[in-house]
Amino acid sequence: MAAKRNAVTTEAPESSAPGEGTALALDSRLSKRVESVIPKKRHEALKWFGWGYNDSQFYGQDGIICFRGEKYPLGGCELPSFTKWVEKKFDLRVDTTKPYPQLPRTYPRPVENAPFLHELKGTTQVDYSVEGIDRLVRCHGQTLNDIYSLWHHKFRRIPDLVVWPRCHDEVVQLVRLAHKHNVMLVPFGGGTSVSGAITCPQNESRMICALDTSQMNRLLWLNRENLTVCFESGIVGQDLERVLRDEGLTVGHEPDSYEFSTLGGWVATRASGMKKNVYGNIEDLVVRVRMVTPSGTLERECSAPRVSCGPDFNHVILGSEGTLGVITEVVLKVRPLPSVRRYGSLAFPNFEQGVLFMREVARRRCQPASVRLMDNEQFMFGQALKPEKSWWSGVVDAMKQRYVTSWKGIDLNQICAATLLFEGDLKDVQRQEALIYEIAAKFQGFPAGGQNGERGYILTFVIAYIRDFGLHQGIVAESFETSVPWDRCSLLCRSVKQRVVSECSKRSINYYTISCRVTQTYDAGACIYFYFGFRSTDVADPVELFEAIEHSARDEILSCGGSLSHHHGVGKIRSHWYRNAVTETGSSLYSAAKRHLDPKNIFALGNLLPLEEAHPQAVASPPPPSTSSTPPKAKL
């Protein structure tokens, strides 16, 4: 998935976690700065108006949907089956004449804070920019609302300044200056948020400074004896794994946004990866983390595997979504690279049987690195995404289909599929495969081939590109997720789909798709991912309508016992439910921490709790620009 291999250079570290610099097991006392696949000027490699690389996208040609881009297996393919699926599902033809949006000719005028700018230039060496394009590409994440607003030039407020600190100490300088001069800070990593977490607050009157962490991407140290590594927070997922692969190691954290999201973003949102069954979620991988706040640097002094010293402040940082400070350095667990990596897939006669299989696998704690169950709608969608085949391949597929429908007696309108990924040494993988297929057989499941499993796994990285193509063609679509106890898993899936169908009917939406998949399994429950989209060619405000239906779907999720979020986080779009999710006492505790760590509310993103609830004093009476210095750095 990564672009071409880039160089790693070495230089003396400017900072490192306390106590690690003298460890005998360290491979090197020199840090490694990574030449990232994403340049400092993001728009040179990534789309300013949507997801992913500039050279990768779905497009229409002669009435057929195609995909361009050498970084993905679909690159250069025509997709006639996908074209037919879109035409049938949404009753529309692919329009090859519609232009994509153009960069705005003008940008919102920046708000200036002269004392802050004067001190930034005079007392620091931090690089910065006031260019319109640099500001625009850091004013948003990747929600449907974000992208729609970009396309229609709806953002009234974008960052007034972009800064690129290069290390922890420069972040300390920036936070002190922002606190001193009452400048709002937006920590910006990979820009992949789908919760509105990094969307620029539109009503903020103070100067807004986007703190881009991309130049903080060094490997600070590696300890082979302890199997731990320390990275700066701005390193991108694929860069992090490429550097570790050169050392024969892996972190194994692979979210769908892995190509573009950053380590700091994973921590800030409590992210989950596709291979969490083997490696764990981000909270399982983090040993230590440093976060700079206006009240000092928050970090734990000890890197022992477990400590019992009161509440774990790592978990104050995990999931804080940029509202308390800037994450600068993270110590992670690493594992040796697996010697064997093998894909597989399973077919089940219906979704309910598939869920029972997933439950049994979780109960016996024999999950492979990744196991994901798609419902029939997603299964048919995945089949439609297959490139055009040769005549002989078509004959073979027809024979396979006849085998499934005639010999197995499976209804193609009910069939669902699971994709599998096994990692480990050969004997462990073989043993795991045998057990998984044995369990599947108890629920009428049967193997469907490794090639289908690999395709299904890799296609995950292409899905977001489809959202932008759909928007271009008059279809609004987005995903949302939850986690749920096992005894309510199938009920929740059915109920949410029925709720969406009902909401579409009430609004006279006749052409839509709603599907789900089980993506993560635990002892006590599972993660459910929903995909919803509808034709919006005749809708005045399609995003507002989409959000209204999604809001109803979230109400249904919560009433069925589902969580507010499994891994996307709360951000702004789910803050409506946050107080009920954590109780009045919990929200008050968060607000108290917010006021202590950020007394002037310079991290006023409005995530988790609405701004007036999270920091009522700052909203009621915003403090004037201060000339006093920040309290001295303190360990909290």
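## E119 and K180

Let's start with E119 and K180, whose side chains meet in a salt bridge at 3.2 Å, N to O. The term salt bridge here means a side-chain nitrogen of Lys or Arg within 4 Å of a carboxyl oxygen of Asp or Glu. This pair links distant parts of the chain, 61 residues apart: E119 sits in helix 2 (residues 114-123) and K180 in helix 5 (residues 168-181). Helices (H or I, at least four residues) and strands (E, at least two) are DSSP runs, numbered from the N terminus. Both E119 and K180 are buried; buried is under 20% relative accessible area, exposed is over 50%, and partly exposed is in between (1.4 Å probe, protein chains only).

This is a predicted model, where local features need pLDDT of at least 70 and side-chain atom pairs count only at pLDDT 80 or more, while totals for chains, interfaces and linings use all residues. Residues are numbered from 1 along each chain as its sequence is written, and side-chain values use heavy atoms, leaving out hydrogens and water.

## K275 and E254

Next up, K275 and E254 form a salt bridge at 3.6 Å, N to O. K275 lies in the loop between helix 7 (263-269) and helix 8 (276-279), and E254 in the loop between strand 12 (249-250) and helix 7, so the pair ties together parts 21 residues apart in sequence. K275 counts as buried at 5% relative accessibility, and E254 does too at 10%.

## D375 and K497

Here the salt bridge is 2.6 Å, N to O, between D375 and K497. D375 is buried, with a relative accessible area of 2%, whereas K497 is partly exposed at 21%.

## The wider count

Overall, the count comes to 39 salt bridges.
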